[in-house]
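This report describes the fold, the first helix, the nonpolar cores and the hairpin of one protein model. The sequence and the structure are shown below.

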Amino acid sequence: MFSKSSCCMCHTIKTLFSDFGANTTVYELDEISGGREIEQALARHVGADSDFPVVFIGGKLVGGANEIMTLHLKGSLSAMLKRAGALWL
């Protein structure tokens, strides 16, 4: 997950993944060296209007908070996390 420490939706998605017990790798782009360059590369890859967080599961781009919450409400997020090996259950 690519995140920004000051982003409220990033915090929400990180909390959701934590509540699932997911093994999540989070890159806080406003706190790491080269974060601005990574942000620019993400904008080119996922679209200039993309919001944070930018979430990949199992190496595949899933999207942002809206896509993650939609998967969660449909009941398919946990299965996706399990298939990716991010959950131990």
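In which strand is K60 found? K60 lies in strand β4, strands being DSSP runs of E with at least two residues and helices runs of H or I with at least four, both numbered from the N terminus.

The model is predicted, so that local features need pLDDT of at least 70 and side-chain atom pairs count only at pLDDT 80 or more, while totals for chains, interfaces and linings use all residues. Residues are numbered from 1 along each chain as its sequence is written, and side-chain values use heavy atoms, with hydrogens and water left out.

**Overall fold**

The protein has 4 helices and 4 strands, arranged along the sequence as β-α-β-α-β-β-α-α. Its radius of gyration is 13 Å, close to the 12 Å given by the globule rule for 89 residues, so the protein is as compact as a globular protein of that length. This radius is taken over C-alpha atoms, and the rule is 2.2 Å times the number of residues to the power 0.38. The C-alpha atoms fill a box of roughly 35 × 25 × 20 Å along the principal axes. Of the 89 residues, 33% are buried; buried means under 20% relative accessible area, exposed over 50%, and partly exposed in between, with a 1.4 Å probe and protein chains only. Residues 24 or more positions apart account for 56% of the contacts with a separation of 6 or more, a contact being heavy atoms within 4.5 Å.

**Helix α1**

Helix α1 covers residues 8-20, and its end C-alpha atoms are 19 Å apart, which agrees with the 18 Å that its 13 residues should span at 1.5 Å a residue. The expected span is 1.5 Å times one less than the number of residues. Its buried residues are C10, I13, L16 and F17. Just after the helix, G21 has a positive phi of about 85°.

| Element | Residues |
|---|---|
| β1 | 2-3 |
| β3 | 55-57 |
| α3 | 65-74 |
| α4 | 77-83 |

**Nonpolar cores**

A nonpolar core is a set of buried Ala, Val, Leu, Ile, Met, Phe, Trp, Tyr and Cys residues joined through side-chain atoms within 4.5 Å. The largest has 15 residues, and those with the most contacts inside it include I13, F17, V55 and L81. Each of α1, β3, α3 and α4 supplies at least two residues of this core. A second, separate core of 7 residues includes C7, C10, L29 and V54. Among the residues that F17 touches, beyond four places away in sequence, are M1, A22, I57, I68 and L77.

S3, in strand β1, is buried with a relative accessible area of 0%. Its contacts beyond four places away in sequence include C10, K14, V26 and F52.

**The β3-β4 hairpin**

Strands β3 and β4 (residues 60-63) run antiparallel and are joined by 3 bridges; two strands pair if DSSP finds at least two bridges between them. They form a hairpin with 2 residues between them, and G58 in the turn has a positive phi of about 65°. I57 has K60 as its bridge partner in β4. K60 is exposed, at 60% relative accessibility. The C-alpha atoms of K60 and A84, 24 residues apart along the chain, are separated by 9.6 Å.
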